[in-house]
Amino acid sequence: MATVTDIWAQARVGTPKPSRPASGVRRPFRVDIEGMRGIAVLLVLLGHAGVPHLPGGFIGVDVFFVISGFLITGLLLEELDQGGRLSLRDFYARRAKRLLPAAATVLVATLLLAYFILPRTRWSATAWDIVASACYAMNWRMAAQSVDYVAVNAAPSIAQHFWSLAVEEQFYLVWPLLLIVLGGLARRWGRGGAGLYLFGLALIAVPSFAWALRISPTDPSAYYVTTTRMWELALGGAVAVAATWLSRTPRPVATPLAWIGLAAVGISAVLIDTEAGFPGLSALGPTLGTAAMIAFGPAAGRTGPALLLSRRPLRDIGALSYSLYLWHWPLLIAAQAQLGDLSVGTALVVVGASAIPAALTYHFIENPVRRSQKLAGQPFAALRVGAFCTAAAALAGLALYLATPSTAGSTTPSVIMGQVPGASAAAAPARPPGAAALGSSPRTSQAGVPVDRVDSITPDPLTAFRDAPLLQHQNCHVELVSATPKPCVYGKQDAPTTIALVGDSHADHWVPAVREAAEANGWRLVVHTKSGCPFLTAEIRLDGRPYSSCTQWNRAVRAALVGPDRPDILITTHSEYPIMGVPAQDVRSAMARELRKTWSGMVADGVPVVVLRDTPLHLKNIPECVSENLKHLTKCAMPRANALLLGGGPAQEEAAADLDGVRLIDLNDWICPADRCAPVIGGVLVWRDANHLTATYAATLAPRLSAALKPAIEDLRR
């Protein structure tokens with residue numbers, strides 16, 4: 001990122017007029033901080049490029065937060081000391097002209113990249129991402145999406161890097177106001193303000209860090225929310241306030257401390273391999289390291305990290321860091337959309353190329369606007385420029401939303417017809433057969449062989465992500481953060497047979513078929529599903545964190561299944577998940593072992609188990625691929641053998657083998673019947689993303705599922 005605000009936007013702080021700020025230290029231009037910004041942005045860029053042995057490149061963001069807190073607090077303190085007051089109008093005017101022109105330029109360019117390069121299936125989400133970024137609220141949008149299973153499995157947003165800028169701006173809505181209050185108290189009490197300022201920063205930092213410690217181990221939204229990040233900016237602010245005392249540190253002490261701080265940042269980037277736990281204890285390495293480098297760098301002098309950080313290449317990169325941060329991510333996402341998964345070499349080329357628009361933005365937009373003589377001493381004019389930039393970017397996002405095809409017309413996925421260009425509406429069948437087109441011998445049916453063109457597609461690929469049971473019964477499906485079961489019940493309450501469908505979203509996508517089969521056979525159906533949570537006694541990981549809400553949900557569901565209202569049959573399925581404490585290479589065997597243990601326990605409690613073998617998993621988003629290749633659908637077909645090896649199927653087969661009271665049903669011949677999995681069968685889009693069936697296609701599997709379930713249930717109930 002770059003000052004992540006002024007830090008990034010302000011490439012030259014300049015030497016202040018002689019004065020005695022609250023910290024008692026004049027703040028000249030810090031070349032070492034300029035170089036540190038260069039290191040921070042390089043960590044982010046190289047990390048995003050996937051450079052080996054640098055898994056923690058994302059800590060560059062934490063470095064920027066500390067630097068920003070230091071520089072901005074220092075500038076605010078200087079203004080307080082020089083004029084005895086702090087003008088919020090002038091403060092926000094400076095930030096507006098330094099930050100917003102470059103940000104608006106990149107957001108509009110990002111919109112154009114999305115329009116011309118990204119699949120149309122991403123336009124709607126991208127439009128709102130741009131609006132949120134323009135309004136400095138992207139971090140809260142990212143936080144909400146981090147606990148939304150559908151969003152978690154979607155492609156990364158082309159504007160998601162704006163989350164860190166949003167955190168900074170939200171912090172600077174609070175901190176200057178608090179400084180004004182504390183400065184007023186200091187004048188009223190006739191005492192120096194440094195102690196009060198540290199107290200104010202502690203009021204922010206202590207609860208923020210405590211909250212980060214509390215939620216970051218289990219809640220992925222902790223990474224993005226302002227409440228868990230404020231302590232990092234406050235830490236930098238504290239260094240600025242304490243600059244007087246820190247500058248008196250003896251050089252023999254300051255030099256090693258400053259170098260240790262810089263080393264801590266580098267070591268953190270190499271050793272930290274997951275965002276899980278951030279910004280809690282794991283974030284102390286890069287943040288305290290940065291604070292130590294800033295705090296003791298002046299006392300260390302040329303024998304300290306300035307020896308390295310003052311080098312011209314790092315300083316030049318640091319000066320460009322704001323624009324580099326803004327530009328590199330949209331270009332990476334656009335290249336990925338055009339070329340597929342990028343190799344490290346290709347990603348590095350893209351990141352390197354981002355220096356071109358970054359340099360142009362820096363020299364022709366950032367500097368001219370912030371150094372404009374017309375805006376100098378004209379805070380209202382600067383604020384108008386900022387308001388124009390924000391409005392322009394937000395309106396551009398809204399324009400993209402209105403241009404999104406899925407926003408014009410019906411939004412009911414089960415009835416939207418995606419027409420191939422040139423096909424007439426009359427050519428589309430009223431009720432596409434889906435799996436029924438395969439007949440009784442799917443493996444030999446031509447209807448399952450991938451073809452380049454079809455007459456029509458239901459649901460429309462542009463809105464296929466909505467064609468999902470979990471969106472149709474939101475009151476029942478349990479999302480990532482909840483542990484409370486919310487069962488759905490279908491069929492007659494007094495039916496002689498009760499079946500329960502339990503599992504993750506892969507169990508959920510079977511709901512249309514299981515429900516129709518239950519209604520056709522007079523069964524009562526109880527559905528328990530939770531995002532990313534298989535029916536398993538063992539604890540699993542999600543994004544590197546223990547998925548504690550899944551463990552709690554499983555306990556509660558199991559208690560319900562073996563209680564007075566126990567079902568006659570349990571139907572379950574799921575994808576594959578890493579189990580806590582199990583190395584990656586042993587996940588599949590461990591999963592099979594734990595599944596066998598879970599199912600055996602249910603059978604011992606009198607509930608036989610039917611396992612629906614997991615469905616094929618693709619390496620690309622099928623609706624996106626289809627929407628971009630309506631005349632070449634075979635480009636979206638993945639080899640059957642590969643697709644069946646992914647997901648939970650292999651572990652399920654191993655676990656169910658020769659297990660009493662457990663039956664495995666495999667309907668994948670009606671989902672991927674040919675040697676390559678066709679994206680469209682019988683006029684129906686099979687997948688709504690890379691691994692979930694559309695509700696429309698799942699419903700067409702109901703007769704096949706019913707035919708397989710009936711004998712299995714009869715056999716298990718004997």
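**Exercise 1. Describe the salt-bridge network that includes Asp62.**

Asp62, Arg229 and Glu232 are linked in a network of salt bridges, where a salt bridge is a side-chain nitrogen of Lys or Arg within 4 Å of a carboxyl oxygen of Asp or Glu. The model is predicted: local features need pLDDT of at least 70 and side-chain atom pairs pLDDT 80 or more, while totals for chains, interfaces and linings use all residues. Residues are numbered from 1 along each chain as its sequence is written, and side-chain values use heavy atoms, without hydrogens and water.

Step 1. Between Asp62 and Arg229, the closest N and O atoms are 2.7 Å apart.

Step 2. This pair links distant parts of the chain, with Asp62 in helix 3 (residues 60-83) and Arg229 in helix 10 (residues 226-241), 167 residues apart. Helices are DSSP runs (H or I, at least four residues), numbered from the N terminus.

Step 3. Both Asp62 and Arg229 are buried; buried means under 20% relative accessible area, exposed over 50%, and partly exposed in between (1.4 Å probe, protein chains only).

**Exercise 2. Characterise the salt bridge of Asp129 and Arg141.**

Step 1. The closest N and O atoms of Asp129 and Arg141 are 2.3 Å apart.

Step 2. Asp129 counts as buried because its relative accessibility is 3%, whereas Arg141, at 24%, is partly exposed.

**Exercise 3. State the location and exposure of Phe116.**

Step 1. Phe116 is found in helix 4 (residues 88-116).

Step 2. Its relative accessible area is 63%, so Phe116 is exposed.

Notes. Helix = DSSP H or I, 4+ residues; strand = E, 2+ residues; numbered from the N terminus.
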